[in-house]
Amino acid sequence: MIYLHILGSGKTAAAKANSKGHLFEHLMRALLEHLKMSVTHMNKSESGLEIDIEGVSILGKMKFFAECKAQEGSLNSTDIQKFGFKFMDKKYETPDIRGFLFTLSPLNSKAQEVWDDKLKARHGDQVTCYLQDEIIEFLIQHYKLASPDIIRGQATNRYARNCGDTQILCVEDNNKAASLFWAQLLMSSDGTEPNAVVFYGPTGSFVTERATIERLLSLKHDLATEKLTCPNIEDLPRLDDISPSRTVVRVRMSSDWFDYRFPAAPQFFVGRDLQRTELAEFIQDVRQRKTSSRGIIVSGKSGIGKSSLALKARQELQEAKMVFVPIDSRLCDDVSFLFDSINELLFELRQIPELRDDLESVRVEGLDSLIKTLTDTHEAIDKQGYLAVLFFDQFEKVFEYPEVTKAIRTLYLRVIEKQLAILFGFAWKSDLWSLAEGFPHHERDDIVRESLPLRQLGEFGPEETSEILKQLEVQWEGKLDVQLRRQLITFSRGLPWLLKKVCAHVLEQKSRGVTKNELIETNLKLQDLFEADLAGLDDEERTLLKAIAPLLPTTLRRLSESFEISNIDRSLHRFIDKRILVKITEDVGDSLANVKYDAYSDIFREFLITGTVPIEDAYYFYTSPRGALKFFEKVKERGELSIEQEMEETGKRIASIYNLSRDLRSLDLVNVRNRVFTVTDEVIDLEQDEILSFLQSQLKWNRLVSLTLSELNEKETIPLADIAQLLQDLFPPVQVFKEKTREYYSKTTALWLHYARLAFYNKKDKSLRRVDDEAVFESIVEKGTPSLTGFRFPMCFRNAIIECLEAINGAGGKVSFSQLMEKLSKSHQSVEKVLSDNLNLSFVSRDDKAGMYSLTSLGARFVASSDKTRRQLFRQQCSNIQVFNQFISYVEAAGINGITSRQAARKLVQEMQLEMADATVEKLGAMLANWAEYAEIIARSGRLCFMKKYVPEQMILL
């Protein structure tokens, strides 16, 4: 097949897209003029509508207009509706007008339905849609282009290679006109994929001007890869018989239970029953044609087990005629990564005897024809009842290459359109978010929209943690001490990688003769655990490692070019032996040049670069600060204090002393070695007021404390129950704690914050309150639920707002906060949010002294009114809110083209110079659109928002 590409230019993505659109319009203008059509206007604006091309035929004087689409992906029903709107507007003035739609993208099923039923069936030959194949045919016939057979023949005869994809490239010449070139891909000697591209002029002349070739390569990224030779530049009479080097590898797996460097092999996998069930059900739905989706997304924090789940899924699906190929995306650096991924899938499928013959001739011939490659693959495997899964692990690496992301996204959407028996899988970090220029937000969002996100992977719970610790006991050759077991559980806080790492550390310490008591005494800290990885390295090796870290993942070749060090591979092997680095690829022959190295985890890589662990410590407090700090003063005063002395002087049991000191050791206030306590070097010379500052900084580095303070910053006051919830969320393995136990640890946390003057603990109602002024710390008097006015954004959808008003009305028009919680059956935080909205809409008022919430006269009127009046009142009150009006202004500015609620919310957030996660922006946009739609200001069609005045006209016209 032949493929037409419009190559726009510009410094930004928006500039390139604009250039591409105009260039395609100029090419279609030239084509129309070759077809004896006189163009009178370009990009003409009428009544808020932009007409790309307008003119009249030379023969017959027939008026026409043309819409040109060179966008990525298929056209949808909205695109066709917009064309229909323009056509009907023009037809109103000129009944016999002709409308042409030139598109390089296919129409999806909904778009085709609208075209056939709403336009073609009603207006016949007055509307015509020209797809890519027909546009190319016109160009070949009327634009003096050489036959594609001539181009292929010349390339084959000259280089003795089979041809891959044939492309027509359209670029802008010096006069801003469209200029065409041929690009012919040539296959590697083994026929697996292209490894050369040769360029010809429009009439078939061999292009020799280097500047022209370099410009074409700069505009067409998939032709500018290291794996593609360009004979035009190299002036090669023939091509070497060297196949392209392999750029993908499978996800590697661990060799034992506590090998934390690699994802868990299936035999060492535990838990994730929910996600495995979701995946199995999705596969069943695909087989039974209950879903059109062809993708799954696995997300979670770094080291949470995404890769391990993929390896387990591969094992479990093998028996169900599923071929699951997990690809390590860290090797991605250009579009050849996609070529090799498809070839890896084909290689795996060809290992199945009943598929081998049908797949023997299936080849990767270029980016454009990849959908044909997968369609041919589908035909071979579907008739035998097979499904294939191409799973991209660590896909966040691919996001660094927007052109590759775009290629994968485009191919994935085409697979969905054709409903192939091939599934795509994606695993990426749940905290992945970027506003960096070039980050492929739209491509990522399209993938998310069309995929099934498996339930996000969270920390291990009690059962999974117990299973891992059971395996530790097997290798420990005995039961773990209760204190040591609890210490391991608390320290790892349900993070699989950290649990495996600390278990490996414990086993290693035991092999060195460290006793159980010494392990208990040694307070585990992340920084110390990572520092232990570097033990035994000399200064030169540490310096080299720190220099290498920012380049990871990288190849030996790149490292050799970056550092003038002889035998650098020996240092790398030492780092591998020390479990500091891992090899992503296996050694190939005697050459190590393309072997790729990486740190065993992203967190450890960050530690190597910065020298600090990029995640906070997390622990809960065993004792109240009064007793612990009294013990600290005793140790500080004496210099040394043994466990035996403390037991003799106080009569305490050893377990109580460990609990008492554990909090102090977590805060770096005391050390314990050989059952003797000493004050740490960090605080030994500090004065009392300086110790308070040190304590505050140490507390803030505790994840439990930082989350609690974050909650306080938002709400000013939180009950102990909220801290208990944070405790349970942060330490999933200890969820088996009884309610009283959680309440105890919540109280100790609150007391430590109170003692450090970071918050005020009110013993009467067991709540914690934010303190902004230390001078009045002790004089704070709790005044109940804080005021909820003054918010800037909506917090709830309108249904929740109405439900709250009706609940207050049902209680006689006045309720307390707790009564409203009971009536709505919602959490404290949810009720705060819905009250916040109603306060700002002036539907509710609050009596601070009585702590009661009442309907205002406006709120009472709202509840008693009809739906029509309710909408009018809602519109009236929304108009008083600045962010709402700003949101509406973006929708109005979009006009007939519309805008998604997410895009409008993103504009709003950027204008206010705020930072928000994508998910938060999307929810904000959804709530604003929900309010505006209820207020009858906007209407929505699919994902787009329009001012309501536009929508009825569209519906009438189409």
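This tour of a predicted model visits helices, ring pairs, cysteines and a few backbone spots.

**Stop 1: helix H8**

Select residues 273-287, which form helix H8. Its 15 residues should span 21 Å at 1.5 Å a residue. The C-alpha atoms at its ends are 21 Å apart, so expectation and model agree.

Now colour the buried residues of H8: Gln275, Glu278, Leu279, Phe282, Ile283 and Val286. They sit on the same side of H8, because they cover an arc of only 135° around the axis. Why can residues spaced along a helix point the same way? An α-helix has 3.6 residues a turn, so residues three or four places apart do just that.

What covers this buried set? Show strand S10 (295-300), helix H9 (306-317) and strand S11 (322-328), which are among the covering elements.

Zoom in on Gln275, in helix H8. Is Gln275 buried or exposed? Its relative accessibility is 7%, so Gln275 counts as buried. Leave aside its neighbours within four places in sequence, and Gln275 is in contact with Leu309, Leu454, Arg455, Gln456 and Leu457.

Step past the end of the helix. Arg289 follows H8, and its phi is positive, near 55°.

**Stop 2: aromatic rings**

How many aromatic pairs does the structure hold? There are 38. Begin with Phe100 and Tyr130, a tilted pair. Their centres are 6.2 Å apart, with 45° between the planes. Phe100 belongs to strand S5 (residues 98-103) and Tyr130 to strand S6 (residues 127-130), so this pair ties together parts that are 30 residues apart in sequence. Both Phe100 and Tyr130 are buried.

Next, select Phe395 and Phe399. This aromatic pair is edge-to-face, at 5.2 Å centre to centre and 85° between the planes. Phe395 is buried, as is Phe399.

Phe395 and Phe399 are part of a cluster linked by ring pairs. Its members are Phe337, Phe392, Phe395, Phe399, Tyr412, Phe424, Phe426 and Trp428.

**Stop 3: charges over rings**

Pick Arg158 and Phe206. The charged end of Arg158 sits over the ring of Phe206, 4.0 Å from its centre. Then pick Arg662 and Tyr622. Here the charged end of Arg662 sits over the ring of Tyr622, 4.8 Å from its centre.

**Stop 4: helix H35**

Select residues 867-878, which make up helix H35. At 1.5 Å a residue, its 12 residues should span 16 Å. The end C-alpha atoms are 16 Å apart, which agrees.

Which residues of H35 are buried? They are Arg870, Arg871, Leu873, Phe874, Gln877 and Cys878. Look down the axis of H35: these buried residues fall within an arc of 165°, so they line one face of the helix.

Now bring in the packing partners. The buried residues of H35 pack against helix H31 (798-810), helix H34 (857-864), helix H36 (882-894) and helix H38 (918-934).

**Stop 5: cysteines**

How many disulfides are in the whole structure? A search finds zero. Cys163 is in no disulfide, and the nearest cysteine sulfur, in Cys230, is 15 Å away. Cys163 counts as buried, at 17% relative accessibility.

Move to Cys945. Its closest cysteine sulfur belongs to Cys878 and is 14 Å away, which is too far for a bond. Cys945 is also buried, at 1% relative accessibility.

**Stop 6: backbone spots**

Most residues other than glycine have a negative phi, and most peptide bonds are trans.

Select Leu552 and Pro553. The peptide bond from Leu552 to Pro553 is cis, with omega near -5°. Pro553 lies in the loop between helix H20 (539-548) and strand S15 (554-555).

Go to Lys61. Its phi is positive, near 50°. Lys61 is in the loop between strand S3 (49-57) and strand S4 (63-69). At 59% relative accessibility, Lys61 counts as exposed.

Finish at Ser842. Phi is positive here too, near 65°. Ser842 has its place in the loop between helix H33 (828-840) and strand S25 (844-847). With 36% relative accessibility, Ser842 counts as partly exposed.

Terms used: Residues are numbered from 1 along each chain as its sequence is written. This is a predicted model: local features need pLDDT of at least 70, side-chain atom pairs count only at pLDDT 80 or more; totals for chains, interfaces and linings use all residues. Side-chain values use heavy atoms; hydrogens and water are left out. Rings of Phe, Tyr and Trp (its six-membered ring) pair if their centres lie within 6.5 Å; planes under 30 degrees apart count as stacked, over 60 as edge-to-face and the rest as tilted. Helices (H or I, at least four residues) and strands (E, at least two) are DSSP runs, numbered from the N terminus. Buried means under 20% relative accessible area, exposed over 50%, partly exposed in between (1.4 Å probe, protein chains only). A charge sits over a ring if NZ of Lys or CZ of Arg is within 6 Å of the ring centre and within 35 degrees of the ring normal. The expected span of a helix is 1.5 Å times one less than its number of residues. The arc is that of the directions from the helix axis to the C-beta atoms. Contact means heavy atoms within 4.5 Å. A disulfide is a pair of cysteine sulfur atoms within 2.5 Å.
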